[in-house]
Amino acid sequence: MNDKTKGLIFDLDGVLVTTEYNHFVSWKKIAKAIDVSFNEHDNEQLKGISRADSLKKILELGNKAISEELFEELLAQKNEFYLNSIKKINRSNLLPGVIELLQSAAQMGLKCAVGSSSRNARFIVTKLELDFYFSTIVDGNDVTFPKPSPEVFLKGAQRMNCQPNECLVFEDALSGVAAARAGGFMSIGVGNPLLKNVADVYIDSLTEFRLEAYA
Ligand SMILES: [Mg+2]
């Protein structure tokens, strides 16, 4: 059991908001441009990993080698496709239970952080009008090592002045749960049945989570 919880750290994609489909469609365009077939099943492998590692996976899938120059160009292009597709993101894209949980945390005096591999996490949090709830956002621009390195969560805890064993990490990806474990955090797996036997606690949706049991 955790020590008394003082901070909550949330992954962004798949926990607070659904942008997985936006990513998928953007990567599919990139894959098509380099003549690699890419479907939703392949897309599962990209969850929770960085943009560069995602492109490496796609190249592996298609058994392709490309120049460093084209690699960088495709990364930029993917981000452009993605940013265009999320320009209209708003609170209707939030997953169920997010606002309620953030409000409970605020009422109970707990700090909240975002810990995401995305370099666009700040942009998305602002579009969702959630800045108010987070004392810090750690994103892909702030870390050297992507999940499953615990760096992103350790930074979040540090910025909230909390120890890892005083925080809960909410994650929907295996790499994220592994990162939480490596950092000494209690992990709450959300909405991904693959996490049922991997995360410390598993819930299908944040609506099921009872914060009072941990604080
Ligand atoms: Mg995620």
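I looked up helix 1 against helix 4 and found the two oblique to each other (angles under 35 degrees count as roughly parallel, over 145 as roughly antiparallel, 65 to 115 as roughly perpendicular and the rest as oblique). Helix 4 covers residues 68–86, the angle is about 140 degrees, and the axes are 9 Å apart. Axes here are lines fitted to C-alpha atoms, for helices over the stretch in contact, and angles run from 0 to 180 degrees between N-to-C directions. I take helices (H or I, at least four residues) and strands (E, at least two) as DSSP runs, numbered from the N terminus.

The model is predicted: local features need pLDDT of at least 70, side-chain atom pairs count only at pLDDT 80 or more, and totals for chains, interfaces and linings use all residues. Residues are numbered from 1 along each chain as its sequence is written, and side-chain values use heavy atoms, with hydrogens and water left out.

Back to helix 1 and helix 4: I noted a right-handed crossing (left-handed if the near helix is turned anticlockwise from the far one by less than a right angle, right-handed if clockwise). Contact, meaning heavy atoms within 4.5 Å, involves residues including Ser 26, Trp 27 and Ile 30 of helix 1 and Leu 74, Phe 81 and Ile 86 of helix 4. By class I have seven nonpolar, five polar and two charged residues (Ala, Val, Leu, Ile, Met, Phe, Trp, Tyr, Cys and Pro count as nonpolar, Asp, Glu, Lys and Arg as charged, and the others, Gly among them, as polar).

Next I checked helix 3, residues 51–62, whose axis comes within 11 Å of that of helix 1 and crosses it at roughly 45 degrees. That makes helix 1 oblique to helix 3. The crossing is right-handed. Trp 27, Ile 30 and Ala 31 of helix 1 meet Arg 51, Ser 54, Leu 55 and Ile 58 of helix 3.

Asp 13 sits in the loop between strand 1 (7–10) and helix 1 (20–33), and Asp 172 in the loop between strand 4 (167–171) and helix 8 (174–183), so the pair ties together parts 159 residues apart in sequence. Asp 13 is buried at 13% relative accessible area (buried means under 20%, exposed over 50%, partly exposed in between; 1.4 Å probe, protein chains only). Asp 172 is also buried, at 7%.
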